[in-house]
Amino acid sequence: MKIAARFAASDDGHLDEAMHSAWQRDGFLVLENFKSPDDLLELRRRIDTMVGDFDPESVRTIFSTSEQSHAGDAYFRESGDKVRFFFEAGAFGETGELNVPKRRALNKIGHAMHDLDPVFSRFCRDPKLAALAGDLGLADPGLIQSMVIFKQPRIGGEVGMHQDATFLYTEPVSATGLWFALEDADRENGCLVALPGAHRGPLAERFRYHGDDLRMDQLQDPNWDEDDLVALEAPAGTLVVLHGLLPHGSAPNSSPRSREAFALHVYDRAFEWSDDNWLRRSEDMPVRGFADQ
Ligand code: FE2
């Protein structure tokens, strides 16, 4: 598999001409050294503290009762404006005890740390990101979703090919992924992979509510040729920008190294957030921009 070209991030977040044309052509950008080692350290320390403070007992029943899927769904469905912890499949035994140490059992944390945690908010409300979002053409960017993605050594699973607009839909599509490598991500530990140029194709699926029923609807046969995949290898500190229609995913982590990442999603508030999206926020937590404190 080919490795995608990387750019050195600019000091102020703005894109130069070469970056602009790569973005138009490929639907992604790999910007090395966008975040400093100090920025990464601060966020990773905060993640460690959050995980340390988190009591798995508080959600154990959700994942272990016979109504597992139903209750689990609610835990997920209501997480759009909260900070919640999600485990790897099989992290809990039949009686609800954790099979592996807590730190190794987590799949992700989501989905509103950017609003609820000051360290995350600072990492996200970075003037460089505001400059970048403006250059990408987002007129009024709103920060809609944040996720810490653990991709644990040896057990971190595959993330299948998908488009982020499937989950975060506006008309027209404006969802944009800002994916930060908190550790080196490469082909051994399951870096992102993507189909360059396929962001010009249609949206293949939508994950949406029909009344109370949240399900995946197939819209188009996407016809993605996985032979054309490129690896978005990303040393720690790299920002990968992903167009909402770009098909991407990641392989399992079969290495002994972890591959922690942080993803922030923004959309253009000039367009309407689709009411049937899975991600919902209470009225007292409106979506905020880069400059809203
Ligand atoms: Fe994604």
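View 1. H162 is buried, with a relative accessible area of 15%, where buried means under 20% relative accessible area, exposed over 50% and partly exposed in between, computed with a 1.4 Å probe on protein chains only. The model is predicted, with pLDDT of at least 70 needed for local features and 80 or more for side-chain atom pairs, while totals for chains, interfaces and linings use all residues. Residues are numbered from 1 along each chain as its sequence is written, and side-chain values use heavy atoms, with hydrogens and water left out. The protein donors of the iron ion are the NE2 atom of H162, an OD atom of D164 and the NE2 atom of H248, lying 2.1 to 2.2 Å from the ion; donors are N, O and S atoms within 2.8 Å of the metal (3.2 Å for Na, K and Ca), and sites may look incomplete because water is not among the atoms. Along the sequence these donor residues follow the spacing H-x1-D-x83-H. Since H162 lies in strand 7 (residues 159-162) and H248 in strand 15 (residues 248-250), the pair ties together parts that are 86 residues apart in sequence; strands (E, at least two residues) and helices (H or I, at least four) are DSSP runs numbered from the N terminus. H248 is also buried, at 4% relative accessible area.

**View 2. The surroundings of H114.** H114 is found in helix 6 (residues 113-116) and is buried, with a relative accessible area of 0%. Its side chain makes a polar contact of 2.7 Å with the side chain of S146, a polar contact being a pair of N or O atoms within 3.5 Å; within protein, one must be able to donate a hydrogen and the other to accept it, and residues adjacent in sequence count only if both atoms are side-chain atoms. Leaving aside residues up to four places away in sequence, H114 touches several residues, among them F120, C124, L264 and R288, contact meaning heavy atoms within 4.5 Å.

**View 3. The salt bridge between D48 and R103.** D48 forms a salt bridge with R103, the closest N and O atoms being 3.2 Å apart; a salt bridge is a side-chain nitrogen of Lys or Arg within 4 Å of a carboxyl oxygen of Asp or Glu. This pair links distant parts of the chain, with D48 in helix 2 (residues 37-53) and R103 in helix 5 (residues 102-105), 55 residues apart. D48 is partly exposed at 42% relative accessibility, and R103 is partly exposed at 28%. R44, D48, R103, E183 and E260 are linked in a network of salt bridges.
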